[in-house]
Amino acid sequence: MRQNYTQTLFPTFVVGSLPRPQWVRDVIDERKHGRLSHREADRLLDPAIAFAVRLQERTGLDFVSDGEWRRESYVKVFTEAVDGFKIDAAPRPGRPSPPNPAVVSRLNQLRSIALDAAAALHSYTNRKSIVALPSPYIMGVRMWRADLSSKAYPEREDFMAACAPLIREEIGRLFAAGIDHVQIDDPELAMLVDSQNLAARGVKDAGREMALAVRMINSALEGHEGRPVSLHVCHAHFARSRASAGGYGPVMEAIGQVKVQRVAMEFAAPESQGLESLRLFPKEKILGLGVIDHCDRKVETPDQVAARAEAAMKFIEPERITLNPDCGFSPGMQNPMDLDEAYLKLSAMCRGAELLRTRHT
Ligand SMILES: [Zn+2]
């Protein structure tokens, strides 16, 4: 089976975000605090997105994003389009990353979540395009707080269930606009392998949580089964430090139940504890193999990238392997990462893919 995303083996994807220049972060921050309208911010950010797209094209990537340069973060993009949240009201205990918004009233969608940014991306490139949306499960984990949210949504699950149709409709809008690939982001699903994370969240039954995550993600995917959709899972990161650790074994069955074609996973990270969990990787899905450790300042060589993919070929046939970095380089704009480093790492990944194609085609 030759997978159908490109004509070549080992197609290369981003996971989504690139580190944002300071002025881009300032524009997003001014928009967040109401000092800039969405329309004016879009006008300012459009040239920045053209730059982010060109940077990705120059690395040789097959699938490019808008760098997520219109979003404060991969999850907050939802709250930038949907009313019902109090900004920065859900701190993340024990973690250095900035607080999330908390849901405080019934959701009221004001604008499309990612369509405008996707349209800009589409207009700037002839490459294949990928746009990410947060999963309803991670929205519920990160943005529902009993003290602030229960009047609007009595239980966390009620809020997740309210997010799902909005995400489902946005997926439809993205495909209708010609976007080639949609990705659902849910690091919280993979973070269920980490007992410390479970304890910090007060999760007593990891199996029940996995089933909830699968049910909510699949609810958002209703009607889109069979379309080119990925799930991205990882250990989450901030300031070059990952928020959890553990091999994917305990969540692989749940991942197999999510109705996506492709799963982009973190494997260059030591926290993933090697490739053994790929023995359990679902047989009918395409693997997005993380071959770049974005937390490590050292830029990988193309040979290292190729070697990582060849190690995975012990478990997965080459026709089911696509390449990506372990995660977005800056899933949130406050994440202090280096844009030139991201460029060099993506370039090394694409050179590694070329090496692999000469060896294995
Ligand atoms: Zn990630």
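Me: What is the accessible surface of the protein chain, and what share of it belongs to carbon and sulfur atoms?
Reply: In this predicted model, the accessible surface comes to about 14,100 Å². Carbon and sulfur atoms hold 50% of that area.

Me: How do you know whether the radius of gyration agrees with a compact globule?
Reply: The rule for a compact globule puts 361 residues near 21 Å. The protein chain has 19 Å, which agrees. Along the principal axes, the C-alpha trace spans about 60 × 45 × 40 Å.

Me: What percentage of the 361 residues is called buried, and what is the cut-off for that word?
Reply: A residue is buried under 20% relative accessible area. Buried residues account for 60% of the 361 in the protein chain.

Me: Among contacts between residues at least 6 apart in sequence, what share joins residues at least 24 apart?
Reply: The share is 78%. A contact here requires heavy atoms within 4.5 Å.

Me: How many positive and negative side chains are there, and how far apart are the centres of the two sets?
Reply: There are 47 positive and 47 negative side chains. Their centres lie 0 Å apart.

Me: What makes up the sheet with the order β1-β4-β5-β6-β9-β10-β11?
Reply: The protein chain has 13 helices and eleven strands. Seven strands form this open sheet, with parallel pairing.

Me: Why are β1 and β11 said to stand at the edges?
Reply: β1 (63–64) and β11 (321–325) each have a single partner strand, so one side of each is left without a neighbour in the sheet.

Me: How do you know that β5 is paired with β4 and with β6?
Reply: Pairing requires at least two bridges between two strands. Strand β4 (residues 128–134) is joined to β5 by five bridges, and β5 pairs with β6 over four. Both therefore meet the requirement of at least two. The β4 and β5 strands run parallel, and β5 and β6 also pair in the parallel sense. Pro-134 stands opposite Asp-185 in β5, while Ile-184 has Leu-231 in β6 as its bridge partner.

Me: Which residue stands opposite Leu-231 in β9?
Reply: That residue is Val-263. Strands β6 (residues 229–233) and β9 (residues 262–265) pair in the parallel sense over four bridges.

Me: What joins β9 to β10, and β10 to β11?
Reply: Four bridges join β9 to β10, and five join β10 to β11. Both pairs run parallel. Ala-264 has Gly-288 in β10 as its bridge partner, and Gly-288 stands opposite Thr-322 in β11.

Me: Why is His-181 called buried?
Reply: His-181 has 0% relative accessibility, and the cut-off is under 20%, so His-181 counts as buried. The residue lies in strand β5 (residues 181–185). Not counting residues up to four places away in sequence, His-181 touches residues including Tyr-5, Phe-13, Phe-63, Phe-175 and Arg-262.

Me: What makes β5 largely enclosed by the rest of the structure?
Reply: Five of the five residues of β5 are buried, so the strand is largely enclosed. His-181, Gln-183 and Asp-185 point one way from β5, and Val-182 and Ile-184 the other way. In a regular strand the side chains alternate between the two faces of the sheet.

Me: How do you know that β10 is mostly covered?
Reply: In strand β10 (residues 286–292), seven of its seven residues are buried.

Notes: Residues numbered from 1 in each chain as written. Predicted model: local features only at pLDDT ≥ 70, side-chain atom pairs only at ≥ 80, totals over all residues. Heavy atoms only, no water. Rg over C-alpha atoms; globule rule 2.2 N^0.38 Å. Buried < 20%, exposed > 50% of the residue type's maximum accessible area, 1.4 Å probe, protein only. Areas by Shrake-Rupley, 256 points an atom, 1.4 Å probe, with all protein chains shown as cover. Lys, Arg positive; Asp, Glu negative; His and termini not counted. Charge placed at Lys NZ, Arg CZ, Asp CG, Glu CD.
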